[in-house]
Structure formats: C-alpha cells, structure tokens
Amino acid sequence: MTGLDSTELIIGERPQYFFDSGLVEEIQNIRRTVHAPRQLERNPVLQLDRPWEHFTNFGADDWALWRDDDGRFHCLYTDMALDREKLAREGGTLIDWHISRFRVMYARSPDGLSWEKPGMGIVQEGGHDTNIVFGSETYGNVLGPAVLDDPVEQDPARRYKMLYELGVPGFRMADETPGAHIRLAYSPDGVLWTAADQVPRFGSLGDRLGDTIFPTFDPDSGVYRIVTRHPLMELAPRTRPTHAPMVGGAPSFDAVMATPNRRVVRRIFMCESRDFVNWSEPRLILTPDPNLDNLDVAFYGMRPFRLGGHWIGFLGVFHQVSNTSTVELVHSRDGRQWERLAPTHD
C-alpha cells in the first residue's frame, strides 16, 4: 500500500511506523530491515507443574494474554486430558467427548516472566484448590479462549468478553457439520466468567466458526472484529476426483493442475460486529501466495494488535511437510486490508 489518498497523510499526533512506504516521499542510502526476536533463555516461563494439569496447550489459539490497568499480566490457557489408549482403540478426534476433557485455567504475573497459578475456589480436584476457571463434566469441554478487554463497555460485569469453543457432553466431531460451536461469556475481571444467554451468530454459519479466534475493537470505526478461520475453508470443490490418491506430499496439492490448490489450505478470515453477538459472514483477508510460499504452506492463525495509527499481526505460517511453524509480521492501516511484510535478505 504505497499510494495513499491525501486525506490519509493527515496523521496528527499518531505514531507512524514504516511497514510500507505510504508516507515516504524520497529514499536515499537507507534500507528496511526486519529483525527477529530472541527467545528468553529461561523459557518456558509458564509450564505444566500442577498435579491436576495434564497437557497445557499453548498452540495457536488455546490461550489468551492481557495486561490490566495496574500493569499485571493475566493468562487463560487450555488444559487437555487425553485418553490415548481410547483414541488408538476406538478412533475419533482429540476433541471428542469420549476421548478428552478440556478446561480453561488461569495464571497471573507481575512482569510476564514469573507466573503463579492461584487456587480460585471454583474447582477442587484431588484435594487441591485448582486454578481451573471454566469447563466441567456437566457443562462440557471449553477450549480456545479468545478474550477482549472491551474499552467501550459500560457494564462493569461485561468489561471482559470471551468467545470460546464448546463441546457439550457426548460431543463427537464425526456427528457434526464442519466448524466449532462458539459461545460467549462475560467477566468483570477476566478471571471469573459467566456464560451468556446470547449465542453468537456468524452470518449464514449460525454458531459455527473455525477454531482460531482473535478479537479486537477498532476505535476509529466503533466495530468489533475477529480474525479467524472459515469452517468450510478446506471443503472447496477440487478439479480432480474426491478419492484420487495424493501425489504432492500434502493434502492441499492438486494432482490435476500440478499446482498447490490455494482454495483448500488454511487461510485467514475476518468477521465484524457492532454488538459482539451478531457477526458478519467470514471474509478472506490473507492466503498463501504461490509466488512466495512453498507448496506445503498454510496459514494457521493471526493475532492482531493496534500500534499507533497502524495494526500489526503475528501470522502463524504452518509448514505441513515438516510439521513446524514460523511467524511472520503482517500490517494494516485500517485493520481490514492486510499485507505481509516479507523479510529482507542480503
């Protein structure tokens, strides 16, 4: 986005970042450099260390992190109790009710480095007061907490909003149409949550959505947005028979066209809402580029953040053959149209 309308050049006192060249009139003897962050040597700073924890999942979407008005850090993360023997014997998916249990746990930190997991007085397990705050045998599996500290909410009891995936008791993925059941919860502090009576809707998809959700609020437009995935994104028609053997090394390879089928890999979508309940149909915003990306590349998820007059996002790039992920920086001036900032090399 190098060409901007003249009205967009009136920036006032907003900080500007040169992710693109929109505000650059002339360049001489300078170059743009992308730096990679360095991992802290003491990692992991938050790890499995309680007797009631089974598998603490810090994947693409199974945690939420925020900082409160006093500078303290808070984290919700997903714990999964998986019956591996039953999975191998009976089959199914990791999130089937007869295979696993998911619940959301809470941790806090004064600096983002040293974390504690306080007993919350909600769930007792094995004689311990645990840090489990959501999900139970009666309510169902709760996973993928997506938390927003809402800057315009007038009701203190609803300051924090969470969209999450719910697998009710007895849930089996094979019995369902594609997509996760999404529900809404409110909290005054981001720690103690109450499930809402309203069921969020996503256009024609109803309460179904993809399984990565990252909410934001745009103060310029007054609109809530979520960056997510479409539940039908891997079901697009192909130009070859449905059961033709795979010959390209990855499920996204199109055997007839001999090119990666960009219609069926994981991609990034966006929904918008005025009330956090009724959402628009997911709209595609980022997809792998066949001119830049390798054959096995898919986009797993993208976390957006407001930065001055810009938006930035950390794009999870999944390399299917090696089963590894890398992170790329993406940016936007309006929070709706996104571009990748490709790393530069000598």
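User: Two strands pair if DSSP finds at least two bridges between them, strands being DSSP runs of E of at least two residues and helices runs of H or I of at least four, numbered from the N terminus; how many bridges join β21 to β22?
Analyst: This is a predicted model in which local features need pLDDT of at least 70 and side-chain atom pairs 80 or more, while totals for chains, interfaces and linings use all residues. Residues are numbered from 1 along each chain as its sequence is written, and side-chain values use heavy atoms, without hydrogens and water. β22 covers residues 310-319 and runs antiparallel to β21, and the bridges joining them number 10.

User: Which strands stand at the edges of the sheet that holds β21?
Analyst: The protein chain has 1 helix and 24 strands, and 4 of these strands form an open antiparallel sheet in the order β21-β22-β23-β24. Each edge strand has a single partner, so one side of it is left without a neighbour in the sheet, and these strands are β21 (297-307) and β24 (339-340).

User: How many charged residues line the largest cavity?
Analyst: A cavity is a set of 1 Å grid points where a 1.4 Å probe fits but cannot get out, lined by residues with an atom within 4 Å of a point. The lining here includes Thr-216, Arg-225, Met-270, Trp-311 and Trp-338. Counting Asp, Glu, Lys and Arg as charged, the lining has 5 nonpolar residues, 2 polar ones and, as for charged residues, 1.

Terms used. 1 Å grid on protein atoms, 1.4 Å probe; cavity = no way out; pocket = protein on both sides within 12 Å on 5 of 7 lines; lining within 4 Å. Pairing = 2+ DSSP bridges.
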